[in-house]
Amino acid sequence: QVQLVETGGGLVQAGDSLRLSCAASGRTFSNYVMGWFRQAPGKERELVAAIRLSIGITYYADSVKGRFTISRDNAKNTVYLEMNSLKPEDTAVYYCAARPVWGTLEYIYWGQGTQVTVSS
C-alpha cells in the first residue's frame, strides 16, 4: 500500500522559514516525479514545486521561485520543501503527490496534507 505522509506544517510569521517533509513508502519511486501542491480556501489547487527523483530535475511555480527549494533524499524515500521568506499568501494546505515519469501526467498518489499558516 502506497503512503505519502507530510509533516512540518505550522503557524509562522511573515518572513519566517519552514521545511515540509514527505515520506513515501509502499513501492519503488525511482522513476517517479514528486510534487508539492497547495490549496488555499476558495482557490484551486496549484503545483508549487516538483522533482524528478532519479535525476533531480526541478520545477517551480513563478510564485515561489527564489523562495522555495524542493529536494530529495532517495535513501530515505523522502522529499522536502524548504520554504523561506514566507508570505501570508503562502497560507494553504500543502500536499505531496507522486506520478510516474512516463505515461500519465496525472499525480496518482497523494498525501493527507499539512496546514501552513503565515501571519502578517
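# A chain built from strands

What you have here is a predicted model, where local features need pLDDT of at least 70, side-chain atom pairs count only at pLDDT 80 or more, and totals for chains, interfaces and linings use all residues. Residues are numbered from 1 along each chain as its sequence is written, and side-chain values use heavy atoms, with hydrogens and water left out.

**The whole chain**

- Let's start with the parts list: the protein chain has zero helices and eleven strands.
- Read from the N terminus on, its elements go β-β-β-β-β-β-β-β-β-β-β.
- The radius of gyration is 14 Å, close to the 14 Å that the globule rule gives for 120 residues, so the protein chain is as compact as a globular protein of that length.
- That radius is taken over C-alpha atoms, and the globule rule is 2.2 Å times the number of residues to the power 0.38.
- Along its principal axes, the C-alpha trace spans about 40 × 25 × 25 Å.

**Surface, inside and charges**

- Of the 120 residues in the protein chain, 41% are buried.
- Buried means under 20% relative accessible area, exposed means over 50%, and partly exposed is in between (1.4 Å probe, protein chains only).
- The accessible surface comes to about 6,300 Å², and 48% of it belongs to carbon and sulfur atoms.
- Those areas come from the Shrake-Rupley method with a 1.4 Å probe, and for residues only the protein chains shown count as cover.
- Take contacts between residues at least 6 apart in sequence: 54% of them join residues at least 24 apart, where contact means heavy atoms within 4.5 Å.
- The protein chain has 12 positive and 10 negative charges, and their mean positions are 6 Å apart.
- For that count, Lys and Arg are positive and Asp and Glu negative, while His and the chain ends are not counted.
- Each charge is placed at NZ of Lys, CZ of Arg, CG of Asp or CD of Glu.

**β4 and its partners**

- Seven of the eight residues of β4 are buried, so this strand is largely enclosed by the rest of the structure.
- β4 (residues 32–39) pairs with β5 (residues 46–52) in the antiparallel sense over six bridges; two strands pair if DSSP finds at least two bridges between them.
- β4 also pairs with β9 (residues 92–100), again antiparallel, over eight bridges.
- Met34 is a handy residue to look up: it stands opposite Ile51 in β5, and Met34 also stands opposite Ala98 in β9.
- Arg38, for its part, stands opposite Glu46 in β5.
- The hairpin of β4 and β5 has six residues between the strands, and Gly42 there takes a positive phi near 80°.

- β5 and β6 (residues 58–60) pair in the antiparallel sense over three bridges.
- These two strands form a hairpin with five residues between them, and Gly56 in the turn has a positive phi of about 80°.
- Ala61 sits in the loop between β6 and β7 (68–73).
- Ala61 is buried, with a relative accessible area of 7%.
- Not counting residues up to four places away in sequence, Ala61 touches Leu47 and Val48.
- Ala61 and Gln1 are 60 residues apart along the chain, and their C-alpha atoms are separated by 30 Å.

**Loop residues to look up**

- Asp16 is in the loop between β2 (10–13) and β3 (18–25), and Asp16 is partly exposed at a relative accessible area of 32%.
- Leaving aside neighbours within four places in sequence, Asp16 is in contact with Met83, Asn84, Ser85 and Leu86.
- Ser85, one of those contacts, lies in the loop between β8 and β9.
- Ser85 is not a glycine, yet it has a positive phi of about 50°.
- With a relative accessible area of 40%, Ser85 is partly exposed.
- Asn77 is found in the loop between β7 and β8 (78–83), and Asn77 too has a positive phi of about 50° although it is not a glycine.
- Asn77 is partly exposed, with a relative accessible area of 33%.

Key: Helices (H or I, at least four residues) and strands (E, at least two) are DSSP runs, numbered from the N terminus.
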